[in-house]
Amino acid sequence: MHKRKWSPTSTLVKSRTTLGVFGGITAAQLLALGVAYVTKPVTIAAPPSQNGSVPIYVKGTVKSVSASNLTNRMPVEGISLFGFGALSSVATAGLLVLVSLAAAFAFAFLFRRGGVRFLVGGVFALASFSLNWYVLYYLLPASLWPVSLGFPAAVAVLMAAYSIRPEKFRGKALIVANAVVIGTGAELGLFLSSSFPKLTVLALAVLFSLYDFYSVFRGPISRMLGPPSRGTEGMAKSVRPAAAELGPMMVNFGDLQMGLGDVTFYSMMPAAVYVNGMGLSFVLAEILLIDLGVYLTIRLLKKIRPLPGLPIPLLLGALVLLF
């Protein structure tokens with residue numbers, strides 16, 4: 001998360017930016033929760049057994065149920081690379097962090113040499129098509145199958161175009177592109193919340209907060225955005241506007257930009273609370289803690305930027321998953 005080049009603006013403009021950030025984050029969280037409510041995702045822990053029962057995750061444990069009980073529920077493949085338990089969850093999350101770090105360094109390498117837009121376009125087109133098609137396949141009746149293909153295809157084309165030529169998106173086109181990016185982050189957050197046991201989600205929140213801190217200040221993101229700097233009178237100096245070239249990897253909120261990964265994790269946390277059956281009160285508490293963390297991060301942006309967007313919100317949100 002970082003701000004663009006700062007210039008004196010009215011309180012109204014700053015308020016609109018802040019409202020836009022919270023509006024976008026809340027929309028992503030509610031979308032993830034809404035899709036989870038409608039599709040009722042079930043996490044498949046292993047292939048069906050010979051007697052037809054299906055092992056699924058239920059509140060952190062594996063339970064075998066009849067396949068007939070899973071009708072009209074969206075199956076999501078569970079990921080538990082090293083088994084169950086606290087150490088296994090940390091190991092799984094740690095491996096994902098290492099893979100993400102390697103991918104980020106590779107991206108930064110390609111970013112400095114140009115031409116990375118086509119790679120981003122292909123990845124995001126495929127990801128957006130797959131996510132939207134899978135959700136709509138279980139959300140819509142069979143009679144509406146053309147919509148299940150047409151809408152994801154249109155979104156994929158939009159994401160490819162936005163990746164390759166982000167500078168062409170202005171005004172309403174940029175608003176639509178940002179909305180699609182937020183929706184993609186929400187769906188990805190839902191699938192992450194459904195793919196991992198509760199302990200692994202908790203480990204992901206903690207380890208990716210540390211990863212984000214390193215990546216922004218010392219790692220690959222710092223190489224693209226430039227080093228953080230402090231300005232006089234509490235305002236930061238400008239940073240290299242690399243985000244203008246990153247297309248769907250960033251969400252633009254006026255003078256503030258947020259990474260897609262931030263939106264994904266902000267959506268993953270409340271969705272994880274919901275899919276683990278913790279109840280509405282815990283879901284609301286999770287949303288409030290995430291939003292509080294975002295607010296505190298925005299306040300800190302007045303002092304230093306770029307600033308990692310994950311640590312404060314995710315560490316606060318992790319408190320709910322401890323129950």
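**Starting from Thr184**

A: Leaving aside neighbours within four places in sequence, Thr184 is in contact with Ser128 and Leu131, where contact means heavy atoms within 4.5 Å. Before going on, note that this is a predicted model, in which local features need pLDDT of at least 70 and side-chain atom pairs count only at pLDDT 80 or more, while totals for chains, interfaces and linings use all residues. Residues are numbered from 1 along each chain as its sequence is written, and side-chain values use heavy atoms, with hydrogens and water left out.

Thr184 belongs to helix H5, which spans residues 172-195. Helices (DSSP runs of H or I, at least four residues) and strands (runs of E, at least two) are numbered from the N terminus. With a relative accessible area of 6%, Thr184 is buried. Here buried means under 20% relative accessible area, exposed over 50%, and partly exposed in between, using a 1.4 Å probe and protein chains only.

The whole structure has 9 aromatic pairs. Rings of Phe, Tyr and Trp (its six-membered ring) pair if their centres lie within 6.5 Å; planes under 30 degrees apart are stacked, over 60 edge-to-face, and the rest tilted. Take Tyr134 and Phe191: their ring centres are 5.8 Å apart and their planes meet at 55°, so this pair is tilted. Because Tyr134 sits in helix H3 (residues 116-139) and Phe191 in H5, the pair ties together parts that are 57 residues apart in sequence. Phe191 is buried at 13% relative accessibility, whereas Tyr134 is partly exposed at 23%.

Follow the chain out of H5 and you reach Phe196, in the loop between H5 and H6. Phe196 counts as buried, at 5% relative accessibility. Apart from residues up to four places away in sequence, Phe196 touches Ile79, Thr92, Leu96, Val201 and Leu204. Ile79 is 117 residues from Phe196 in sequence, yet their C-alpha atoms are 5.4 Å apart in space.

Next comes helix H6, residues 198-217, where Phe208 and Tyr211 sit 3 residues apart, about one turn of the helix. Both Phe208 and Tyr211 are buried.

Leu321 lies in helix H10 (residues 311-321) and is buried, with a relative accessible area of 3%. Neighbours within four places in sequence aside, Leu321 is in contact with Lys198, Val201, Leu202, Met269, Val273 and Met278. Leu321 and Met269 are 52 residues apart along the chain, with 8.5 Å between their C-alpha atoms.

Met269 leads us to the largest nonpolar core. A nonpolar core is a set of buried Ala, Val, Leu, Ile, Met, Phe, Trp, Tyr and Cys residues joined through side-chain atoms within 4.5 Å. The largest one has 67 residues, and Val21, Met269 and Val294 touch the most other members. Helix H8 (residues 260-275) gives the most to this core, with 9 residues. Val21, not counting residues up to four places away in sequence, touches Phe253, Leu256, Met258, Val294 and Ile298. There is also a second, separate core of 6 residues, with Val42, Ile44, Val65 and Leu70 among them.

On a 1 Å grid over the protein atoms alone, a pocket is an open set of points where a 1.4 Å probe fits, with protein on both sides within 12 Å along at least five of seven lines; lining residues have an atom within 4 Å of a point. The second largest pocket holds about 390 Å³ of space, the volume being what probe spheres set on the points fill. It is lined by 22 residues, and the closest to its centre are Pro41, Tyr57, Val58, Arg73 and Val275. S2, S3 (53-58), S4 (61-66), H5 and H8 each supply at least two lining residues, and S3 has the largest share, with 3.
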